[in-house]
Amino acid sequence: MTKHNRILNVLKEGDSNGDGWSLELNTSQGRTVFAVAVAQSVHRSRTGPTWSYIFENQGWTSIDLGTPGSYDALKVAYSTIGLAPSDIKRVIISHGHSDHDGTVTDFMRDSKAELWAHETYKPLKKYIPWEIHYKKGSLLHKELNRIAEEKIQPYYEPDAAREATDQKYFEERSQTEVARDLRDGYELSDLKIMSTPGHSPDQICLLLDDFIFTGDHILPEITPHPTGKMVFRTSILENLPDFLRDPSEFYGLGTYLNSLGKVIKLGPNYTILPAHRLYNKSRFNWQGIERAKQIIKHHEHRLDSMLNKLQNNTSNLEETTRGIFERSKLLGPNLYAAMSEIVAHLEFLEDTGDIAIGASGDISKQGTGTNYKTYISRLVDPNL
Ligand SMILES: [Zn+2]
Ligand SMILES: [Zn+2]
């Protein structure tokens, strides 16, 4: 753990959950990287503050900014390292979730910074994520939707303030100008981009000396939520660039696991700089690439227990979800989050040929039910 502690100076101490910390870090080459934790403002989630990383590489470069409404907190955080938004030449978004690009519009108003993001960010940012998906495009998603409408919707309490914030965010985001579309392998001096889709279609990791900025691809303490498979609505599909027309490359648990495998192949010398939880519960989480292996293991255990429960039975989406998660984790809207996570796992097992899904949504084991193990072992062992 301590091998990865790269603090040169603590510029400001923050709260026990990480809010407000400001650090000067040092790469193996002696390069300074500032790390500031921008507190979530209006709607606090359990992921904690967004870490924004700032360094010089052909001008000041920022990675990630923070949630909608947190721009003032960001300016205070940047002042602790002696910088203002107007000093920043480019902002690189690790992926298009609102806790990362939520203050881009505010930031751009006060600076001449360019916005850079993965090439899938620009065509997708025009849309509200849950509106691009053709939910009847697969049996599992259809089933997920049916259960949500029946069991979650009736208890849903609208939060007007939250909806207004979201709407403003999506409207502003659709207008922002992206100066550069990033692809896998793109380099700017010493900074190198890695495309690592799965948590989000536009998720990237960034390499600088022995640092890897992982956005939400790899986080300490929490396992990032993988996307399910995407079936674009026809009306959306017509407007997408060619490279996005086959979404299997950018979405799904298999895609996410492949992207973890890709990071593992970098070898053990990198230090992970995540977008959340670098500091939490009054301590730092310094980790290396082994964290990617732990996340793969977590998914492997989940797949193991899903298949074990299917031994001689058929099941369905809700039953499988209730068999995996504790009751307390399935209350209200949490049931939806849990089921969508299970959908991603079932889709993966269907692809590896370990389960079959019948026309009525019934799930049964196929063959030995071990193909996924071969798939995963290939990711963890770079010699295979
Ligand atoms: Zn995210
Ligand atoms: Zn995030």
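**Salt bridges**

I searched the whole structure, a predicted model, for salt bridges and found 22. I counted a salt bridge where a side-chain nitrogen of Lys or Arg lies within 4 Å of a carboxyl oxygen of Asp or Glu. Before going on I noted the conventions: residues are numbered from 1 along each chain as its sequence is written, and chains are lettered from A and ligands numbered from 1 in the order in which they are written. Local features need pLDDT of at least 70 and side-chain atom pairs count only at pLDDT 80 or more, while totals for chains, interfaces and linings use all residues, and side-chain values use heavy atoms, with hydrogens and water left out.

I looked up D242 and R245 and found a salt bridge, with 3.5 Å between the closest N and O atoms. For burial I took under 20% relative accessible area as buried, over 50% as exposed and anything in between as partly exposed (1.4 Å probe, protein chains only). D242 counts as exposed because its relative accessibility is 67%. R245 is at 38% and so counts as partly exposed.

I then took R302, which pairs with E341 in a salt bridge whose closest N and O atoms are 3.5 Å apart. This pair links distant parts of the chain, with R302 in helix α9 (residues 290-309) and E341 in helix α11 (residues 334-351), 39 residues apart. Helices (H or I, at least four residues) and strands (E, at least two) are DSSP runs numbered from the N terminus. R302 and E341 are both buried.

The next entry is K373, in a salt bridge with D304; the closest N and O atoms are 3.0 Å apart. K373 sits in helix α12 (residues 371-380) and D304 in helix α9, so the pair ties together parts 69 residues apart in sequence. With a relative accessible area of 32%, K373 is partly exposed, whereas D304 is buried at 18%. I followed the shared partners and found that salt bridges join K297, E300, D304 and K373 into one network.

**Zinc ion (ligand 1)**

I listed as donors the N, O and S atoms within 2.8 Å of the metal (3.2 Å for Na, K and Ca); water is not among the atoms, so sites may look incomplete. The zinc ion (ligand 1) is coordinated by H95 (NE2), H97 (ND1), H199 (NE2) and D216 (OD), at 2.1 to 2.3 Å. Along the chain these donors have the spacing H-x1-H-x101-H-x16-D.

I checked the geometry next. Four donors are tetrahedral if all angles lie between 85 and 135 degrees; four are square planar and six octahedral if opposite donors are over 155 degrees apart and all others between 65 and 115; anything else is irregular. The angles among the four donor atoms of the zinc ion (ligand 1) are 90 to 165°, and the site is irregular. H199 and D216 are both buried.

**Zinc ion (ligand 2)**

Which protein atoms coordinate the zinc ion (ligand 2)? I found D99 (OD), H100 (NE2), D216 (OD) and H276 (NE2), at 2.1 to 2.2 Å. Their spacing along the chain is D-H-x115-D-x59-H. The arrangement is irregular because the four donor atoms subtend angles of 84 to 150°. D99 lies in helix α2 (residues 98-101) and H276 in the loop between β13 (271-274) and β14 (279-280), a pair 177 residues apart that links distant parts of the chain. D99 and H276 are buried.

I noted D216 under both sites: D216 bridges the two zinc ions, ligand 1 and ligand 2, which lie 3.7 Å apart.

**L278**

While in the loop between β13 and β14 I looked up L278, which lies there. L278 has a relative accessible area of 0% and is therefore buried.
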